[in-house]
Amino acid sequence: MTDNEVGSGAAEGAAPQDASDGPFDATGAGPLVVVENVNKHFGDLHVLRDIDLTVNRGEVVVVIGPSGSGKSTLCRSINRLEPIDSGTILVDGKPLPQEGKDLARLRSDVGMVFQSFNLFSHKTILENVTLGPVKVRKQGKAEAVKNAMALLERVGIADQASKYPAQLSGGQQQRVAIARSLAMKPKVMLFDEPTSALDPEMINEVLDVMTDLARDGMTMIVVTHEMGFARKAAKKVVFMADGQIVESNTPEEFFTNPRSDRAKDFLSKILTH
């Protein structure tokens, strides 16, 4: 992991305009993330095709679809881990910067939780969570430690603060990764299949933390195969296939009355058990 990814965590949190009692600040106007006519190629492979997506403040958007549909590439494009070929991506009204300090600032405003945990193996859990705020946000050490311990308490692993990543289970490590991103006070959190590397019994402990964040008003874009989470926590479900957004709807409408044949076929295969 590079220094630019130290915080792949994130700034001033944003919460839903109708949930002012939540812990995330609802300041600002307009949508938080806007993707317009975005295209991306990997060689001859057209992985994102004319993508349009709007994510409002406090909204939880769950992106689902078959493997190879472009879901993770879209997620990684929003904080420019993957540069796009054409189109526009705006975060809080501003286009993605190309490089330098502005790009580092963007990545501190857009939290990212990956499939793999990307923790620094030679640092303790507490050091992993405080590193970004101290290094990128220039937060005082004492304040960073206080905030980090509160976040570790929130995700249920404050008692693991002095341990190293290798001493924790996969589910615990992923919860550390979430706490690390939250420590940067992100405007939006991106989750790229955060449970796919976990053993089945560890998945729910991570999804429970994510569900709590959604309930508290964190703006989230979540790429996942966990349909239960999509049903419970999403405000909008986006279905992708072959590099395109095929369908976008509320969870209730999408799961009970999908409009496209492609979505119907996908759901028939994953909801049969």
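Mentor: Buried means under 20% relative accessible area and exposed means over 50%, with partly exposed in between. Please keep in mind that this is a predicted model.

Trainee: Is Asp 92 buried, exposed or partly exposed?

Mentor: The relative accessible area of Asp 92 is 26%. Buried requires under 20% and exposed requires over 50%, so Asp 92 is partly exposed.

Trainee: Which residue forms a salt bridge with Asp 92, the closest N and O atoms being 2.5 Å apart?

Mentor: A salt bridge needs a side-chain nitrogen of Lys or Arg within 4 Å of a carboxyl oxygen of Asp or Glu. For Asp 92, the closest N and O atoms are 2.5 Å apart, and the partner is Arg 57.

Trainee: How many residues apart in sequence are the parts that Arg 57 and Asp 92 tie together?

Mentor: Arg 57 belongs to the loop between β2 (45-55) and β3, and Asp 92 to the loop between β4 (86-91) and β5 (94-95). Arg 57 is buried, with a relative accessible area of 7%. The pair therefore ties together parts whose separation in sequence is 35 residues.

Trainee: In β8, which residue is the bridge partner of Val 62?

Mentor: Strand β3 (residues 60-64) pairs with strand β8 (residues 220-223) in the parallel sense, over four bridges. Within this pairing, Val 60 has Met 220 as its bridge partner in β8. For Val 62, the bridge partner is Val 222.

Trainee: How many of the five residues of β3 are buried?

Mentor: In a regular strand, side chains alternate between the two faces of the sheet. Both faces of β3 are covered, with Val 60, Val 62 and Ile 64 buried on one side and Val 61 and Val 63 buried on the other. Strand β3 is thus largely enclosed by the rest of the structure, and the number of its residues that are buried is five of the five.

Trainee: What is the nearest side chain of opposite charge to Glu 247, which is buried yet has no salt bridge?

Mentor: Glu 247 is found in strand β10 (residues 244-249). The nearest side chain of opposite charge is 4.4 Å away, whereas a salt bridge has to be within 4 Å. The side chain of Glu 247 does reach a backbone nitrogen at 2.7 Å, that of Arg 259. The nearest side chain of opposite charge also belongs to Arg 259.

Trainee: In which helix do Lys 269 and Asp 265 both lie?

Mentor: The side chains of Lys 269 and Asp 265 meet in a salt bridge at 3.2 Å, N to O. Lys 269 is exposed at 58% relative accessible area, and Asp 265 is partly exposed at 31%. The two residues are four residues apart, about one turn of the helix, and both lie in helix α9 (residues 261-270).

How values were computed. Residues are numbered from 1 along each chain as its sequence is written. This is a predicted model: local features need pLDDT of at least 70, side-chain atom pairs count only at pLDDT 80 or more; totals for chains, interfaces and linings use all residues. Side-chain values use heavy atoms; hydrogens and water are left out. Buried means under 20% relative accessible area, exposed over 50%, partly exposed in between (1.4 Å probe, protein chains only). Lys and Arg count as positive and Asp and Glu as negative; His and the chain ends are not counted. A polar contact is a pair of N or O atoms within 3.5 Å; within protein, one must be able to donate a hydrogen and the other to accept it, and residues adjacent in sequence count only if both atoms are side-chain atoms. Two strands pair if DSSP finds at least two bridges between them.
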